[in-house]
Amino acid sequence: MNDRRDAHSELRGGYEAAAEFYDLFAKNDDIPFYLDYARRQGSPILDLAAGAGRVSFALAREGFEVVALERSEDMLRVARQRHNDLTEVIAKQVTIIEGDFTDFTLNQQFSLIIIPASFGHALTRDEQLSTLSCVRCHLRDNGLFILDLFPGGVQPERAFFEDVPVELPDGRIVRRVGEMRVDPARQILELKLHFIISDPQIEPKKEECFELLSGAALIHNREANMLMRMSDLEIVEEFGDFDRRPFSSDCGRRILVLRKSS
Ligand SMILES: C[S@@+](CC[C@H](N)C(=O)[O-])C[C@H]1O[C@@H](n2cnc3c(N)ncnc32)[C@H](O)[C@@H]1O
């Protein structure tokens, strides 16, 4: 039942309305980590679920050649706008492709494949396995795949948060408030984000609000290890966050560095 492609349909997509504002609240603490592996592995790099290009453009600015694959039309539109604003030399390093990471064929193999904060969007076991199979096919023999997971069993049952508001170049203020809720039966982390935009220069005050509802699969450790084994991928390194702390029960993330099994 869990493996129907239309399962959890209410938690899919959702990035449309907020695409323009999504990156504003990113901590970007993962970028130095990805850059480090990019330096070790070299180009080309495949950035799956590249969103508005946050990680792809950071890699391209450091001289790496990146293919950015993304499914959401609005994220792609924002990524292309930002791509146009890059210098010609940097822009040439990035190829933006519309695609689904659970089922893609590119005529190329990569030294490094990453899927920042997004593997959880493969909500069913079939989608997870087909993603890993596509990754393996596109990995060079000495290539690495970095998978950051939201592990099951370590997330708080329910949490509310509000980020520090951000001012846009045109003076508008964007606030983001969110709610995370674990659904243990479905092994899914539901994330509801509200983006509230106001313009302090306009009276009377008016607010525009977008809601984004998405879900990420919570993958327990042994289950993740089994998925990797079924996909002929071998764990080379494992961390509990992008600062490389060892993975333990207090870590909200599990980061795996993988290669093709020998
Ligand atoms: C949490 S955002 C992360 C974006 C980007 N990786 C980053 O870290 O800034 C998740 C992204 O995954 C994309 N996505 C979800 N499912 C996808 C799929 N099956 N194929 C391609 N992109 C997908 C969403 O559209 C969204 O842009």
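**Figure 1. Crossing of helices H1 and H2 in the predicted model.** Helix H1 passes helix H2 in a right-handed crossing. The axes of H1 and H2, the latter spanning residues 54-61, come within 10 Å and cross at roughly 50°. This angle makes H1 oblique to H2. On the H1 side, the contact involves Ile-31, Tyr-34, Leu-35 and Ala-38, which meet Val-55, Ala-58 and Leu-59 of H2. By class, the residues of this contact between H1 and H2 comprise seven nonpolar, no polar and no charged.

**Figure 2. The cis peptide bond between Ser-43 and Pro-44.** Ser-43 and Pro-44 are joined by a cis peptide bond, for which omega is about -5°. Pro-44 lies in the loop between helix H1 (31-41) and strand S1 (45-48).

**Figure 3. Residues surrounding the ligand.** The ligand is surrounded by 19 residues. The closest of these are Ala-49, Gly-51, Arg-54, Arg-71 and Ser-72. When the shell around the ligand is divided by class, nine residues are nonpolar, five are polar and five are charged.

**Figure 4. Ala-117 and its positive phi.** The phi angle of Ala-117 is near 55°, a positive value in a residue other than glycine. Ala-117 belongs to the loop between strand S4 (110-114) and helix H5 (125-137). Is this residue, Ala-117, exposed, partly exposed or buried? Ala-117 counts as partly exposed because it has 17 C-beta neighbours inside 10 Å, whereas a buried residue requires 20 or more and an exposed one 12 or fewer.

**Figure 5. Gln-187 in the loop between strands S8 and S9.** Phi of Gln-187 is near 55°, which is a positive value in a residue other than glycine. With 17 C-beta neighbours inside 10 Å, Gln-187 counts as partly exposed.

Figure 6. Because 21 other C-beta atoms lie within 10 Å, Gly-143 is buried. Not counting residues up to four places away in sequence, Gly-143 touches Phe-110, Ser-111, Leu-112 and Ile-113, together with Gln-41 and Arg-259. The C-alpha atom of Gly-143 is separated by 34 Å from that of Ala-18, and the two residues are 125 residues apart along the chain.

Methods
Residues are numbered from 1 along each chain as its sequence is written. This is a predicted model: local features need pLDDT of at least 70, side-chain atom pairs count only at pLDDT 80 or more; totals for chains, interfaces and linings use all residues. Helices (H or I, at least four residues) and strands (E, at least two) are DSSP runs, numbered from the N terminus. Axes are lines fitted to C-alpha atoms, for helices over the stretch in contact, and angles run from 0 to 180 degrees between N-to-C directions. Angles under 35 degrees count as roughly parallel, over 145 as roughly antiparallel, 65 to 115 as roughly perpendicular and the rest as oblique. A crossing is left-handed if the near helix is turned anticlockwise from the far one by less than a right angle, and right-handed if clockwise. Two residues are in contact if their C-beta atoms, placed from the backbone, lie within 7 Å. Ala, Val, Leu, Ile, Met, Phe, Trp, Tyr, Cys and Pro count as nonpolar, Asp, Glu, Lys and Arg as charged, and the others, Gly among them, as polar. A residue is near a molecule or strand if its C-beta atom, placed from the backbone, lies within 6 Å of it.
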